Amino acid sequence: MTVRIYISRDSGALCVGAEAVTEAFRKEAKERGLDVEIIRTGSRGMYWLEPLVEIATDQGRVGYGPVKASKVGNLIDAGMLEGKPHKKCIGVVDDYPWFKNQTRLTFARCGIIDPRSLDDYRAHKGYEGLKKALDVGPEAIVEEVISSGLRGRGGAGFPTGIKWRTVAATPPQQKYIVCNADEGDSGTFADRMVMEGDPFVLIEGMTIAGIAVGATYGYIYLRSEYPHAIEAMNIAVNEARKAGFLGPNVAGSEYAFDMEVRVGAGAYVCGEETSLLDSLEGKRGEVRAKPPLPAHIGLFAKPTVINNVLSLATVPIIMSDGGPFYRDFGMGKSRGTMPIQLAGNIKHGGLYETAFGISLGELVDDIGGGTRSGRPVRAVQVGGPLGAYFPRELFDTPFDYEAFAAADGLIGHGGVVVFDDTVDMAQMARFAMEFCAIESCGKCTPCRIGSARGMELMDKIVAGDDREANLVVLEDLCDTMKFGSLCALGGFTPYPVMSALTHFPEDFGAGKKRLQAAE
Amino acid sequence: MPRYQPWTPERASEIIAQHQHEKGATLPILHALQAVFGCVPLAAEPLIAEALNISRAEVHGCVTFYHDFRREPPGRRTLKLCRAESCQAAGGAALEARAKEKLGIGMGGTTADRRVTLEPVYCLGLCHSSPAAMLDKDVYGMLDADRLDALLKEAQS
C-alpha cells in the first residue's frame with residue numbers, strides 16, 4: 001500500500017531545509033524500493049517543528065519534527081513510515097495540543113491540503129462559500145458578511161460588510177476588488193501562509209466580494225519579498241480560471257469575475273490602502289487624502305473594495321457556515337477569530353488562530369513558551385512596526401481591538417514580537433523613527449520631517465544631551481505626528497516610541513517619576 | 001551564461017511593448033526590465049515615458065520611489081538580511097555585523113569580485129524563525145553565526 005508523506009512547501013519550512021528533507025525521502029524511497037507518495041502542503045503554522053513530516057496512518061496524520069535531511073534514513077529505519085513512536089514524533093498532528101486548542105476557521109485547510117490542487121481544495125469544503133453566495137445573491141451576501149461582525153484584518157478593524165455595502169450602493173460601472181497582500185509588518189506572516197498554503201480560499205473570497213458589489217475584476221497586490229507566495233498565487237489563479245471559477249461565467253453562473261497578481265516593489269507604505277491604489281495605477285505609492293473613500297473613488301477612480309488577505313480569506317467560511325456561526329466566537333466588538341502570529345525571540349514561533357479575548361500573557365508565556373534564548377521576556381511589540389511595546393505589567397490585556405486601544409496600543413495585523421531582557425528600548429524607539437523616515441512616502445510633513453527630527457532627538461536623548469528638555473520636545477513631536485499625519489505610518493509611529501518611553505523610561509536615562517508627572 | 005543581458009534600447013523597447021497595454025503598467029514594466037537587465041538604467045526612462053504617454057519626470061519619480069529598483073546590476077548573487085524588529089529581537093544586528101565583516105562590504109555594497117551584493121530587507125515574513133535571510137530567491141531562517149557562515153560561503157561560491 002502506498003504510504004502518503006506530507007511535507008510543507010511553505011517558505012517557513014523551506015527556510016529550515018524542507019526541500020532537502022523532501023529530496024532525502026525521494027532518494028531513500030528509490031533506493032529502498034518503497035511505495036510512497038510525497039504530497040507538498042502548506043504549513044500548519046508550528047514553525048519550530050518545521051520541517052514537519054506527516055505520515056498518513058489509520059489514526060490520522062502522525063507528525064515528526066523538526067526533521068533533518070541527514071536523519072531521514074534513521075527515521076525510516078525506526079519505523080516512521082508505520083507511524084511508530086520516536087523522540088521526534090509528536091503523535092497525531094490534529095491531536096497535538098498546540099494545534100488542537102486553536103479555532104481554525106480562516107486557516108482550516110492550511111497545512112492540510114496541497115495548495116496547488118483545486119481538487120484537494122474542493123474535497124475540503126472549498127468553493128462551498130461561493131456556491132452559497134451564488135444561491136443567495138449580492139444583497140444577501142453583504143448582509144451575511146455584516147452579520148458575521150468581520151472587521152478588517154489588515155489593522156484598521158473597519159467592518160468588512162459595511163465597506164462592501166458602500167461599494168454595492170454605487171451605480172453600476174466598472175468596479176474593482178483589491179486584495180492588500182503587502183504584508184510588510186515585522187512579526188506577521190499570516191497572509192503569506194494563506195497564499196502559500198491555501199491560495200484558492202483567497203480567490204474564492206475575492207470572487208464572492210466581486211459578486212456582492214458588482215465588481216468584475218480583482219487585483220492581488222503582493223509584495224516582492226514573497227517570491228514563493230507570488231508563485232503559489234499565480235498557479236492557483238490559473239487553475240481556478242482553467243476550471244471555470246474565474247472568467248466570464250464564474251462556476252457556470254451569469255457573474256463575471258477575473259483577477260491577476262501584481263507585484264509590489266519594496267515600499268512599506270504601499271500597505272496603506274490609498275498608497276497601494278496609486279502604486280497599482282503605476283504611480284509613486286503616495287498616500288491619498290480621504291475622503292473620497294476608495295469605496296467611492298478607488299482604483300482608476302472607480303468604486304473599489306480594498307481588503308486584507310485575511311479578511312477576504314475568511315469570507316468563504318462565513319458564507320458556507322453563516323455569519324452567526326462566525327460571530328459567536330470572540331468578545332465585545334471583536335467577533336470571530338484572529339490568526340495571531342508569534343514571532344521574534346520566541347520558543348514556539350508560529351500561527352495561532354483563536355477567538356478574540358485571549359490574553360497577551362497566555363500568548364507569550366503559555367502558547368509561545370517564552371523566549372528562545374531562555375532569558376526573561378522584557379517587552380512585546382504587538383501590531384508591527386507601528387504597534388506599541390508592552391511590558392509584562394500589561395500582559396493581562398485581552399486580544400481585542402478596543403482593549404488594545406485602551407492600553408494605548410493596537411492589534412494591527414496580529415503580529416506579536418517578543419524581546420528578551422537584552423533589548424535596548426531606546427534603540428527600538430529610535431528604530432521606529434528611522435523606519436518611518438526610510439519608508440515615508442513624503443506627502444505629508446509630520447511624517448516626512450517629523451520622523452527625521454525624531455531620529456535626531458532620540459540620538460540626543462540617548463547621548464544625554466539636554467535630555468529632560470528633549471524628552472518634552474519628543475513628546476510634542478509625537479503628538480504632532482499622531483494627529484497631523486495623513487496615514488497610519490506617520491500617525492502610528494508614535495505608538496512604539498511613546499510606549500517604549502512610558503514603560504521603559506530607564507532605557508532613556510529618565511526617571512519614571514518625571515514622565516508620570518508630565519502626563 | 002551571464003545572469004543578465006547587456007542593456008540595449010531595442011531589447012528594452014521589446015519588453016516595454018509586452019506590458020504597455022496593461023492597466024497601470026509602470027511597475028510591471030520596471031520589474032520586467034530589471035529581471036532582464038538586472039537594473040533599470042536611466043536610459044530606460046524616456047522609453048517608458050514615451051510608451052505610456054506620461055512625463056519622464058513621472059517615470060523617474062516612480063523608479064526612485066521604490067526600494068527594489070536599481071541603477072546598476074547587482075553582484076552574481078544577492079543576499080538580503082532581514083533587519084526588521086522580529087529579527088532584531090533574535091540577534092539580527094550581530095549577524096549583520098558578521099556578514100559585513102566577512103564580505104568586507106557595507107549594506108547595499110557589492111564585493112570587489114562582484115560575486116555578492118548585500119542588502120537589508122524589512123521583513124521576509126519568516127518572523128517565526130528569526131533571524132531570516134534570502135539568497136536570491138532561496139529563504140533561510142533560524143540563522144546563527146554558523147548557519148550564516150555557511151550561507152556566506154554558498155553566496156561566494
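Predicted model: local features only at pLDDT ≥ 70, side-chain atom pairs only at ≥ 80, totals over all residues.
Q: Let's start with the whole of chain A. How many helices and strands does it have?

A: Chain A comes to 22 helices and 16 strands. Along its principal axes, the C-alpha trace spans about 75 × 60 × 40 Å.

Q: What does the radius of gyration tell me about chain A?

A: You set it against what a compact globule of that length would give. For 519 residues that value would be near 24 Å, and chain A has 24 Å, so the two agree.

Q: On to sheets. What holds the strands together, in general?

A: Strands of a sheet pair through backbone hydrogen bonds, and the pairing is either parallel or antiparallel. Chain A has an open sheet of five strands with mixed pairing, in the order 2-1-3-4-5.

Q: Which strands are the edges of that sheet?

A: Look for strands that pair on one side only: in chain A these are strand 2 (36-41) and strand 5 (89-92). Neighbouring strands of this sheet are turned by 25° against each other on average, ignoring direction.

Q: Do me one pairing there: strand 4 and strand 5 of chain A, parallel or antiparallel?

A: Antiparallel: three bridges join strand 4 (residues 60-64) of chain A to strand 5 of chain A. To find the spot in the viewer, pick A:Gly63, which stands opposite A:Gly91 in strand 5.

Q: Now strand 7 of chain A. Is it mostly covered or mostly exposed?

A: Strand 7 (residues 217-222) of chain A is mostly covered, with five of its six residues buried. It pairs in the parallel sense with strand 6 (residues 176-181) of chain A over six bridges, and A:Asn180 has A:Tyr221 of strand 7 as its bridge partner. Strand 7 of chain A also pairs in the parallel sense with strand 8 (residues 258-263) of chain A, again over six bridges; there A:Ile220 stands opposite A:Val261.

Q: How does the chain get from strand 7 to strand 8 of chain A, and with which hand?

A: The path goes through helix 11 (residues 227-242) of chain A, and this β-α-β crossover is right-handed.

Q: Which residues of helix 9 of chain A are buried?

A: Helix 9 (residues 190-197) of chain A is mostly covered, with eight of its eight residues buried. Among them are A:Asp191, A:Arg192 and A:Glu196, along with A:Met193 and A:Val194.

Q: Over to chain B. How is chain B divided into domains?

A: Chain B has domain 1 (9-65) and domain 2 (77-156). Taken over C-alpha atoms, the centres of these two domains of chain B are separated by 30 Å.

Q: What is the strand order of the sheet in chain B?

A: It's an open sheet of four strands in the order 2-1-3-4, with mixed pairing. Its edge strands in chain B are strand 2 (116-121) and strand 4 (138-140), and neighbouring strands are turned by 20° against each other on average, direction ignored. Strand 1 (residues 77-82) and strand 2 of chain B pair in the parallel sense over six bridges, with B:Leu79 opposite B:Leu118.

Q: Which strands does helix 7 of chain B lie across?

A: Helix 7 (residues 145-156) of chain B lies across strands 1, 2, 3 (133-135) and 4 of chain B, and runs at about 20° to strand 3.

Methods: Residues numbered from 1 in each chain as written. Chains lettered and ligands numbered in written order. Pairing = 2+ DSSP bridges. Helix = DSSP H or I, 4+ residues; strand = E, 2+ residues; numbered from the N terminus. Axes fitted to C-alpha atoms, helices over the stretch in contact; angles between N-to-C directions. Buried ≥ 20, exposed ≤ 12 C-beta atoms within 10 Å, placed from the backbone. Right-handed = clockwise from strand over helix to strand, strands pointing away. Rg over C-alpha atoms; globule rule 2.2 N^0.38 Å. Domains from an automatic or database assignment. Contact = placed C-beta atoms within 7 Å.
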